[in-house]
Amino acid sequence: MASHIVGYPRMGPKRELKFALESFWDGKSSAEELKKVAANLRSAIWKQMAEAGIQYIPSNTFSYYDQVLDTTAMLGAVPARYNWNSGEIGFDIYFSMARGNASVPAMEMTKWFDTNYHFIVPELGPDVKFSYASHKAVDEYKEAKVLGINTVPVLVGPVSYLLLSKPAKGVEKSFSLLSLIDKILPVYKEVVAELKAAGATWIQFDEPTLVKDLDAHQLQAFTYAYAELESTLSGLNVLIETYFADVPAEAYKTLTSLKAVTAYGFDLVRGTKTLDLIKHGFPSGKFLFAGVVDGRNIWANNLASSLNTLQELGDIVGKDKVVVSTSCSLLHTAVDLVNETKLDQEIKSWLAFAAQKVVEVNALAKALAGQKDEVFFSANAAALASRKSSPRVTNEAVQKAAAALKGSDHRRATDVSARLDAQQKKLNLPILPTTTIGSFPQTADLRRVRREFKANKISEEDYIRFIKEEINNVVKIQEELDIDVLVHGEPERNDMVEYFGEQLSGFAFTANGWVQSYGSRCVKPPIIYGDVSRPKPMTVFWSSTAQSMTKRPMKGMLTGPVTILNWSFVRDDQPRFETCYQIALAIKDEVEDLEKAGITVIQIDEAALREGLPLRKSEEAFYLNWAVHSFRITNCGVQDTTQIHTHMCYSNFNDIIHSIIDMDADVITIENSRSDEKLLSVFREGVKYGAGIGPGVYDIHSPRIPPTEEIADRINKMLAVLESNILWVNPDCGLKTRKYTEVKPALTNMVAAAKLIRNQLASAK
């Protein structure tokens, strides 16, 4: 009964790791206490899989922050600014790389393929001295062995590690990262040798970059690397795991010809074309790890359909060579449905979280081996039938309205420069206007009040009074700081997607469906199970209340349709774009109601537009077309004098800048500081941008307070490529996760820097 799990969530069923990390970072608990929480979580996960009957149980998929950062530590590839010289890398250096410290900034963080997980980008160059500096993979293998569990240690593969890296500051942008392969392989050899000595019989290399468009030189690096590792790997079973998309034909050929490899893992949920490649040829005697259970969504598996696929694969490669697996690590799904005591029973029957997916994998493996659990399979079939026929899934009026969208591109009637002139007459903003992205710090008090209100422990009247006081406080702070366009701070919101989903029909919510986004930060994606509509206004009361407290413009704050889609668990019974258009229509109603209520600046965040981009170039245009169209639908009906902002955070925007321009927003604020101002290079290369733009001037994901001079220097770099009349000054992202002791001085310096440059521009005239 061959079964395998690619990886498992680390945070714990009740976010135990999150709280342990934050307590440690705040100096409230010791390193030993943090390690104890981590060890308990690891042992619980391994035992759970063993008890479920999983044969190939992964180790080293746990991480205190990120698996790519763990690999950077393993390779001793610590950037010089962290002053590490040698020895085992401890928490001090590790967390400095992840989060920055008082004197140096963090390493760049970016999206992991097309997920909402973020990894820490390695910074490499010709002078990096690699050395074996973190024994985590071996330690965790031994830890499981003591429990009587022989695991499959998982490493980020050497070629994907280099392809996911970037040239360090000061290194030529054209530097070939793959040229470092001979420098990192000796460390991999040491790790493999230690794992072998410790008793490992299998090893898993994650090489997810194989699903991307790779050129011949990049593919050759895989052939070379695994040939170099061949003698070290001898005596071990080696699994190369891919995920998130199908493997292109050329990459498939390279992968299945690799030396020293025993098994290949494929995502057969998002990579259905890979099935055709397997049918046309699979190396004889090798194992196929078939990822038929979706690691990225929460819907119960269609067991009958998966079993058919597995039997078909068994006929091709041999039944004894098929291992039932997940499509990718279960890191990207919620942990355990058992903790959802308040979820509607009908909807609950349609779902499977990580713990349930482990059971599904095992049930499929047993069925493939001729030991089918008929009761389990028929309960699954009944749940799927109930979902298909449930009246709560379909709303004909919504289907009609979405169908009627075809045939128009929903552009505003006037071009952006004329709109900006009309808006400036109304808003009368200074040059280099300052603003923030939306949220302000969420204090323990504030979270407590929201919790108490949800649990009916305080009255609605008391709750509203408290939130109004909080908004008033945020407005006062911004006025004292002399910020030009204000926000209300979003004290009433738990999460930028959940808050809207709770007020839209077609959404369901979990109590503990947390998924790691980065470090200790978790998100709780809503579940879109049916057609989406807006029964009543969602934000108008709070935005109007906030505007009544100030004469300065107050931004209405909305989350855009593409971000709501990409940050939710989305129904899989209709194309994603259809669901997105439905959400766009709901947000359009809200935008128009905000405008009627006198809100003149409305921000529609599309933080996750980039991350939905398919991993293949050939599929990008289709996605960008409907995603950008969905955004335009939301605001195509407003007056020229209403200023539409959008915001985008951590991602690589340079390749989609023309789609960003095509969104036709009046102002875009965009992450810039942490990615070392990569964004500005687009404008240096001659892309003309006529709308307002605010590239972030400081990184809010670090507790560090940037000095005025540093921010002024950033603004000057922007002015070298952007006109002063379109430039805005703002942080990278919302301030929700920061403390007021960090936010006030940072914003003080930001406003001071903007004023400094304004004065310089005025005196230069």
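Colleague: Of the contacts between residues at least 6 apart in sequence, what share joins residues at least 24 apart?
Modeller: In this predicted model, 79% of those contacts in the protein chain join residues at least 24 apart.

Colleague: Nice. And what is the radius of gyration?
Modeller: The protein chain has 26 Å. A compact globule of 765 residues would come out near 27 Å, so the two agree. Along its principal axes, the C-alpha trace spans about 75 × 60 × 50 Å.

Colleague: How much of the chain counts as buried?
Modeller: 62% of the 765 residues do, taking buried as under 20% relative accessible area. The accessible surface comes to about 28,800 Å², and carbon and sulfur atoms account for 51% of that.

Colleague: Switching to charges: how many positive and negative side chains are there?
Modeller: There are 86 positive and 93 negative ones, and the centres of the two sets lie 2 Å apart.

Colleague: OK, secondary structure. How many helices and strands?
Modeller: The protein chain has 28 helices and 21 strands. Seven strands make an open sheet with parallel pairing, in the order β1-β5-β7-β8-β9-β10-β11.

Colleague: Which strands sit at the edges of that sheet?
Modeller: β1 (58-59) and β11 (322-326), each of which pairs on one side only.

Colleague: And how do β8 and β9 pair?
Modeller: Strand β8 (residues 237-241) runs parallel to strand β9 (residues 263-267), with 3 bridges between them. To find a spot to look at, take Ile240: its bridge partner in β9 is Tyr264.

How values were computed:
Residues numbered from 1 in each chain as written. Predicted model: local features only at pLDDT ≥ 70, side-chain atom pairs only at ≥ 80, totals over all residues. Heavy atoms only, no water. Helix = DSSP H or I, 4+ residues; strand = E, 2+ residues; numbered from the N terminus. Rg over C-alpha atoms; globule rule 2.2 N^0.38 Å. Buried < 20%, exposed > 50% of the residue type's maximum accessible area, 1.4 Å probe, protein only. Contact = heavy atoms within 4.5 Å. Areas by Shrake-Rupley, 256 points an atom, 1.4 Å probe, with all protein chains shown as cover. Lys, Arg positive; Asp, Glu negative; His and termini not counted. Charge placed at Lys NZ, Arg CZ, Asp CG, Glu CD. Pairing = 2+ DSSP bridges.
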